[in-house]
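Here are some friendly notes to read alongside the structure. Please keep the 3D view open and follow the numbered points in order.

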Amino acid sequence: MLHQWLLKRNCALTPRQLGIAYGVLCCLSLTVALAFTLRGAWFVILFSCLELAAVGWAFLYYARHATDQERIFLDSQNLLILECNGGRERRIQLDATKTQVAPPRLHHDLILLKSDRLQVTVGRFVNNRQRRQVALELQQLLPYK
């Protein structure tokens, strides 16, 4: 039997929605700045461009990490962890029969999975309650005690 968990960020906007919001913001800000520039306050457009560049950088960072997630798959033999963080993907496969689960002890601790010499932490994109729930489920399903 295959068990799976999806641990992902809770993001309010998708990257596409964020791009649309940024486009609207740029149009409004540049329209106001252009009106002031035409009346002789040329420095307003400079500040508007600086502001939009800073907001654009912040939106770009948000959009790059909006789809970050960890997927955990467990079958009778393997524990597979797929991490996507900032567009980079990482695949980790552990032997399910030799994997131990160390649940989070403190509020910001992650779930520690240990198998032979390999240690992997998961749960960075969910809250503490969800991490504890996933750790408990993994402990119950993994054969190693």
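1. A compact globule of 145 residues would have a radius of gyration near 15 Å, whereas the protein chain has 23 Å. That radius is taken over C-alpha atoms, and the globule rule is 2.2 Å times the number of residues to the power 0.38. Along its principal axes, the C-alpha trace spans about 75 × 30 × 25 Å.

2. A word on the source: this is a predicted model, in which local features need pLDDT of at least 70 and side-chain atom pairs count only at pLDDT 80 or more, while totals for chains, interfaces and linings use all residues. Residues are numbered from 1 along each chain as its sequence is written, and side-chain values use heavy atoms, with hydrogens and water left out.

3. Which elements make up the protein chain? There are three helices and seven strands, and along the sequence they follow the pattern β-α-α-β-β-β-β-β-β-α. Helices (H or I, at least four residues) and strands (E, at least two) are DSSP runs, numbered from the N terminus.

4. Of the 145 residues, 30% count as buried. Here buried means under 20% relative accessible area, exposed over 50%, and partly exposed in between (1.4 Å probe, protein chains only). The accessible surface of the chain comes to about 9,900 Å², and 59% of this belongs to carbon and sulfur atoms. These areas come from the Shrake-Rupley method with a 1.4 Å probe; for residues, only the protein chains shown count as cover.

5. Next, contacts along the chain. Taking contacts between residues at least 6 apart in sequence, 50% join residues at least 24 apart; contact means heavy atoms within 4.5 Å.

6. V101 counts as buried because its relative accessible area is 14%. Its C-alpha atom is separated by 12 Å from that of L118, 17 residues away along the chain.

7. Now follow the strand pairing, where two strands pair if DSSP finds at least two bridges between them. Strand β6 (residues 111-115) pairs with β5 in the antiparallel sense over four bridges, and the partner of A102 in β6 is L112. β6 also pairs with strand β7 (residues 118-122), again in the antiparallel sense, over five bridges; I111 stands opposite V122 in β7. The hairpin of β6 and β7 has two residues between the strands, and D116 takes a positive phi near 55° there.

8. Leaving aside neighbours within four places in sequence, S115 is in contact with L94, D95, K98 and T99.

9. Finally, look at L136 in helix α3 (residues 128-141). At 40% relative accessibility, L136 counts as partly exposed. L136 and L46 are 90 residues apart in sequence and 55 Å apart in space, C-alpha to C-alpha.
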